Amino acid sequence: MSEESTPGPKESPPAEPRAGSREVWKKGGRLLSVLLAVNVLLLACTLISGGAFNKVAVYDTDVFALLTTMMLLASLWILFYLLRTVRCPNAVPYRDAHAGPIWLRGGLVLFGICTLVMDVFKTGYYSSFFECQSAIKILHPLTQAVFVIVQTYFLWVSSKDCIHVHLDLTRCGLMFTLTTNLAIWMAAVVDESVHQTHSYDSSHSNTSHLRLALDLEQRAGSSVGGDCSCNTVICQIFQQGYFYLYPFNIEYSLFASTMLYVMWKNVGRLLASSTHGHGHTPSRVSLFRETLFAGPILGLMLFMVGLAVFIIYEVQVSAEGGRLQQALVIYYSFNIICLGLMTLVSLSGSVIYRFDRRAMDHHKNPTRTLDVALLMGAALGQYAISYYSIVAVVVGTPRDLLGALNLAHALLMIAQHTFQNVFIIESLHRGPPGAEPHDTTPKEPCHGLTFANLDALHTLPGCPPTPRLVGTNPVGPQEAVAIILAPRGHWRRRCLKDISLFLLLCNVILWIMPAFGARPHFSNTVEVDFYGYSLWAAIVNICLPFGIFYRMHAVSSLLEVYVLS
C-alpha cells in the first residue's frame, strides 16, 4: 500500500535512501497485524457461533471467558499506549485533522454510556441467581465496563494520532483491539437473535423452535450446575433492560472499530507539520445557519410523526385484539412516504451539484475512504433484506394490501439507499464553499490584484466574467475567488444545507424504529411463510444490524455534509 495524504497538507518527500526499505517493512508490519486479527477473529467467531447451537459442546461460559480475556488484553495495551505517548513527546509528531470528528466521538461517548448501563443491568441479572451461576458471567460485564471506559477515553484523546514509535507493536495492538470490538459485536448479535427466537416461539407456540429454546435454557442452567430461572420481578426487569440496550452496544462496537481502523491506517504516516487543511473544518458552526428552514421543519415533522407511528405500532403489535394488520399498514405507509421524500430530496441534491462550480477533492485520506466504504458496505445489509422481501412478495401466493405495501417499501428502500449514497459521497468529495475548480483557477494577471473597476476586470484573461468589488484587504487568489463566487452559489448552499438536515432527521427516526425493537419482518408473515422462520431469522438478524449502523453512519456523514455546504 502507498502512503495516503490528507486533502490539505502535502506529505513530506522521502529524501532518504532508506525510504524504500521503510515502505517494504511497513507493508510487512501491516500484513502481520492483519494476520493476527484474522486468526483471533476466526477463533472468536468459532466459539460464538458454536455456543449458539445446543448440539455443540461450547457453552456460554466459554464465550464469556474468551471475550473477558480479549478485553483485558486490549485494555492493558491501551494503557501501555497512553503511557508511552505521555513519556515520549516525539511519539506522535503528526495528527490527522480529518480523523475522529467531534460528532463521531460524541456518538461513541453516547453509545458507551448506554453500554455501561447495559453492563449494570447484566451484572444485576446474573447476580439475581448467583448461587447457580459461574463467576465468569458476573466478571464479564464488569470487565466490559472497564474496557468501554478505557477505550472511549483512548479514542477521544488519540483518534487523530499518527504515531511513529514501535510501529509493528502499535499496528498489532490496534488490530487486536479492533478484533475485540468485532467479537463483542458478534456476541451481542447472536445473543439478541437467540432471545428474539425464544420470544417468537413463545408467542407463536411453535413446538419445534420452542423445544430448541428450552434446550438452550436447560443447557445454560446445567452448565453451571443448577436451575437458573429468573422468577423475581427485579430479575426480569434487569433481563428485559439489557436486551433493550443491546442495539447501543452493537453501535458502540462498530463506531469504535471504524475509529481504530483509521488509527491503524495512520500509523507511521508522514504529514506536513501543519494540521490545517483546505478549510474542511470551519471554526464556527451554527445550526440552521444559512438555511431556508424548509428542510429542518419538514424533517422535524416527519420525526415527530415517526415517533407516534412507532409507539402505535409497538402498542398494537403487543395488544391482543387482532390489530396486527392495522399496525403494519400504518408502519409501512409512513415508511413509504418517508423513503419516497428522502429519495426525491437526495436526487435533487445530486442535481444541484451538477451546477456547482466547487472543485472536486481528489486527494486521498483514510477517513474519507473509510466513510465511503462503510456507506456502501453497510447498505448491503438492507439491500439483502429488501431483495429477499421482493422475491417473497412477487413469487408468493398471497396478494393483498399488505403485500403491496411490503413490495413498495422494499423497492423504495433500495432506491433511497442508492440515491442517498450518491448524494453523500459526492458531497464529501467537494471542496470548501466558494472553491474554484482546479482547471479554472484564475491565472495572471488576476493573482494578488485588488479590483475596483468592475467593467475593466472582465477584460483581463482568465478572470471571472461577473466579479464583485473586493476590499483593500490583502487576500490571496483562492480567498478572492471565494469572495467573488460566494453570492452566485448562495442559494445552492442554502438548498444543500436544508437537504442535509432533512435527510439527517429522517435517518435518525429510521434508526430509532429498528434499533428499539420494531420488527415488521417477523410480524408480517409473508417472508416467514415463504422462507421458513429459521432461514428468514438468520437473514434478518445478520443483515439488520448493518442497516441500523448505516443509519447512524449516514447521520454523521450528513452532519459533515451540512458543515461543508
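Let's start with helix α4, residues 135-158, and helix α8, residues 246-265: in this predicted model they pack at an angle of about 40 degrees, and their axes are 11 Å apart. That angle makes α4 oblique to α8. As for handedness, α4 passes α8 in a left-handed crossing.

Which residues of α4 and α8 make the contact? If you have the structure open, click along with me. On the α4 side you'll find Gln144, Val148, Gln151, Thr152, Phe154, Leu155 and Ser158. From α8 come Asn249, Tyr252, Ala256, Met259, Leu260 and Met263. Sorted by class, this contact of α4 with α8 has 8 nonpolar and 5 polar residues, and no charged ones.

Now stay on α4 and look at another partner, helix α2. Helix α2 covers residues 60-87, and α2 and α4 pack at an angle of about 30 degrees, with 9 Å between their axes. So is α2 roughly parallel or oblique to α4? An angle under 35 degrees counts as roughly parallel, so α2 is roughly parallel to α4. The crossing of α2 and α4 is left-handed. By class, the α2 contact with α4 brings together 18 nonpolar, 8 polar and 2 charged residues.

Ile414 sits in helix α12, which runs over residues 401-428. Is Ile414 buried or exposed? Its relative accessible area is 12%, and buried means under 20%, so Ile414 is buried. What does Ile414 touch, leaving aside residues up to four places away in sequence? The answer is Tyr383, Ser386, Tyr387 and Ile390.

Let's zoom out to finish. The protein has 18 helices and 2 strands. Of its 565 residues, buried ones make up 52%. If you take the contacts with a separation of 6 or more, 86% of them are between residues 24 or more positions apart. And for the surface, the protein exposes about 26100 Å², with carbon and sulfur atoms supplying 68% of that area.

Technical notes: Residues numbered from 1 in each chain as written. Predicted model: local features only at pLDDT ≥ 70, side-chain atom pairs only at ≥ 80, totals over all residues. Heavy atoms only, no water. Axes fitted to C-alpha atoms, helices over the stretch in contact; angles between N-to-C directions. Helix = DSSP H or I, 4+ residues; strand = E, 2+ residues; numbered from the N terminus. Parallel < 35°, antiparallel > 145°, perpendicular 65-115°, else oblique. Left-handed = near helix turned anticlockwise from the far one by under 90°. Contact = heavy atoms within 4.5 Å. Nonpolar A, V, L, I, M, F, W, Y, C, P; charged D, E, K, R; others polar. Buried < 20%, exposed > 50% of the residue type's maximum accessible area, 1.4 Å probe, protein only. Areas by Shrake-Rupley, 256 points an atom, 1.4 Å probe, with all protein chains shown as cover.
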